[in-house]
Amino acid sequence: MIRDIVRTAFAGVSAVGLTGAASSAISALSVAGAHREADKLLKLWAQGVLASAGVRHEAVGLEHIPTEGHVVFVCNHQSHYDAPLGLAYLETHTRFVAKAELFKIPVFGSALRLAGNIPVVRSGSSQDRARLEEAVTALRERVSVLFYAEGTRSEDGRLRPFKKGAATLAIQAGVPVVPMAVSGTRLILPKGGRAVRWGQRVALAVGAPITTQGLTIQDREALTRQLEDAVAQLYSEACRRSGDVPT
């Protein structure tokens, strides 16, 4: 019991400390245009957060990630540890598409924006359309983006229906979509749990890119269903490797 408390405290303090120290530096580097250095620091942050919780992690299929151009990464969502797991392995210049509300949080929100992450509003307003255009431009010109397409975390490990945002963005930007799946992260610190499960095995599985060439916005529903199927297949492999069996 005492050991679990100590480990949990260590993981929490380390994650907060690493995030606080890294966010300012990553923001400054991003503003200065030093994206490669910012990405290296972001990767070190991700690896540090995983190590501080004793996470044992692996990734398969990384060879599928294009080495040139930008892509939309689409992944299932289980835990706050999903982001560190992905960033620990992705070599491309990648940032997140996140709810606009997160960008309103003092200090943290400014750091998100300065680091190049993209806010999304889902109101259907003119502001929403302007944000989408901003995201399309960013995707075409400077950065790949990572979507957690379910829109919320799955506490039981079962995949939820995907939102259409990732497909819409990829089609409008004319870039490929790379499906991914994570497994085991939900068990590191389960909702309602009080202790980190030290040594938890987690896995990231990456699939082949899916082209959007020739697609129009009318195809976003079909592309979304195709992405659901691709992520589901990858999820089976990730679950096999992590040992996490959805309830």
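Author: Helices are DSSP runs of H or I with at least four residues, and strands are E runs of at least two, numbered from the N terminus. T224, for instance, has its place in helix α7. The model is predicted: local features need pLDDT of at least 70, side-chain atom pairs count only at pLDDT 80 or more, and totals for chains, interfaces and linings use all residues.

Reader: What pattern does the protein follow along the sequence?

Author: The protein has seven helices and seven strands. Read along the sequence, their order is α-α-β-β-α-β-α-β-α-β-α-β-β-α.

Reader: What percentage of the residues of the protein count as buried?

Author: A residue is buried under 20% relative accessible area, exposed over 50% and partly exposed in between, with a 1.4 Å probe and protein chains only. Of the 247 residues of the protein, the share that counts as buried is 48%.

Reader: Among contacts between residues at least 6 apart in sequence, what percentage join residues at least 24 apart?

Author: Contact means heavy atoms within 4.5 Å. Among contacts in the protein between residues at least 6 apart in sequence, those joining residues at least 24 apart make up 76%.

Reader: Which residues form the stacked aromatic pair?

Author: Rings of Phe, Tyr and Trp (its six-membered ring) pair if their centres lie within 6.5 Å; planes under 30 degrees apart are stacked, over 60 edge-to-face and the rest tilted. A search of the whole structure finds one aromatic pair. With 6.3 Å centre to centre and 25° between the planes, the stacked pair consists of F96 and Y148.

Reader: Which strands does this pair link?

Author: Both F96 and Y148 are buried. The two residues are 52 residues apart, so the pair links distant parts of the chain: strand β3 (residues 94–99) and strand β5 (residues 144–148).

Reader: Which residues of α6 are buried?

Author: Because seven of its nine residues are buried, α6 is largely enclosed by the rest of the structure. Just after α6, G174 takes a positive phi of about 70°. The buried residues of the helix are A166, A167, T168, L169, A170, I171 and A173.

Reader: How are α6 and α7 oriented to each other?

Author: Helix α6 (residues 165–173) and helix α7 (residues 220–242) pack at an angle of about 120°, with their axes 9 Å apart. The contact involves A167, T168 and I171 of α6 together with R220, L223 and T224 of α7. Axes are lines fitted to C-alpha atoms, for helices over the stretch in contact, and angles run from 0 to 180 degrees between N-to-C directions. Angles under 35 degrees are roughly parallel, over 145 roughly antiparallel, 65 to 115 roughly perpendicular and the rest oblique, so α6 and α7 are oblique.

Reader: Which residues does T224 touch, not counting those up to four places away in sequence?

Author: T224 has 1% relative accessibility and therefore counts as buried. Beyond four places in sequence, T224 touches F162, K163, K164 and A167.

Reader: How far apart in space are R186 and Q200, C-alpha to C-alpha?

Author: R186 lies in the loop between β6 (177–183) and β7 (201–206). Its relative accessibility is 11%, so R186 counts as buried. R186 and Q200 are 14 residues apart in sequence, and their C-alpha to C-alpha distance is 9.8 Å.

Reader: Is V16 buried or exposed?

Author: V16 is found in helix α1 (residues 2–31). Its relative accessible area is 61%, so V16 is exposed.

How values were computed:
Residues numbered from 1 in each chain as written. Heavy atoms only, no water.
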